[in-house]
Amino acid sequence: MRYYSKIVKQRVKAGPNTPGLELARLAILRDISIKEIAYLLGASRMTVYNWFAGRQTTNAYRQRVTQLVNILKTAPDNDAAWSKACETFHPQTQPVANQK
């Protein structure tokens, strides 16, 4: 399982239902790192950390975050979620194995 600090986990559990916090909950559940989310969405790691802290996603990322949340919600398992996300956001490349 990926490392997420206790503070991040507490914020994720207690925070309001924003797209960023929903993404954080699913990332923890699906074992996807902040670095991998940043790669998929074309955002910086700091931006993803801010979403996980409860800040709102900007208009530039809102659609992509919502799309990734839907992929993570509907995929049958972690590997399928990662493969579908790679296909969706980086179709020109082959999915790289989710590094555990």
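Student: Which element of the chain has the highest mean pLDDT, and which the lowest?
Tutor: Good place to begin, since this is a predicted model. The chain as a whole has a mean pLDDT of 83, and 76% of its residues reach 70 or more. Among the elements, the highest mean pLDDT is 94, for α5, and the lowest is 63, for α1.

Student: Which elements give two or more residues to the largest nonpolar core?
Tutor: Let's start with the core itself. It has 25 residues, and those touching the most other members include Leu 23, Ile 37 and Trp 51. The elements that give two or more residues to this core are α2, α3, α4, α5 and α6.

Student: What is Leu 23 in contact with, leaving aside its neighbours within four places in sequence?
Tutor: Leu 23 is one of the buried residues of α2, and it is among the core residues that touch the most other members. Setting those sequence neighbours aside, its contacts are Ile 37, Leu 41, Trp 51, Phe 52, Val 65, Leu 68, Val 69 and Leu 72.

Student: Is Thr 18 buried or exposed?
Tutor: Thr 18 sits in the loop between α1 and α2. Not counting residues up to four places away in sequence, it touches Gly 54 and Gln 56, and a polar atom of its side chain lies 3.2 Å from the backbone nitrogen of Leu 21. Its relative accessible area is 7%, and buried means under 20%, so Thr 18 is buried.

Student: Which residues form the aromatic pair, and how is it arranged?
Tutor: The count comes to one aromatic pair. Its partners are Trp 51 and Tyr 61, with 5.4 Å from centre to centre. They lie 10 residues apart, Trp 51 in helix α4 and Tyr 61 in helix α5. The planes are 70 degrees apart, and over 60 counts as edge-to-face, so the Trp 51 and Tyr 61 pair is edge-to-face.

Student: What is the relative accessible area of Trp 51?
Tutor: Trp 51 also belongs to the core. It is buried, and its relative accessible area is 2%.

How values were computed. Residues are numbered from 1 along each chain as its sequence is written. This is a predicted model: local features need pLDDT of at least 70, side-chain atom pairs count only at pLDDT 80 or more; totals for chains, interfaces and linings use all residues. Side-chain values use heavy atoms; hydrogens and water are left out. A nonpolar core is a set of buried Ala, Val, Leu, Ile, Met, Phe, Trp, Tyr and Cys residues joined through side-chain atoms within 4.5 Å. Buried means under 20% relative accessible area, exposed over 50%, partly exposed in between (1.4 Å probe, protein chains only). Helices (H or I, at least four residues) and strands (E, at least two) are DSSP runs, numbered from the N terminus. Contact means heavy atoms within 4.5 Å. A polar contact is a pair of N or O atoms within 3.5 Å; within protein, one must be able to donate a hydrogen and the other to accept it, and residues adjacent in sequence count only if both atoms are side-chain atoms. pLDDT is the predictor's confidence in each residue, from 0 to 100. Rings of Phe, Tyr and Trp (its six-membered ring) pair if their centres lie within 6.5 Å; planes under 30 degrees apart count as stacked, over 60 as edge-to-face and the rest as tilted.
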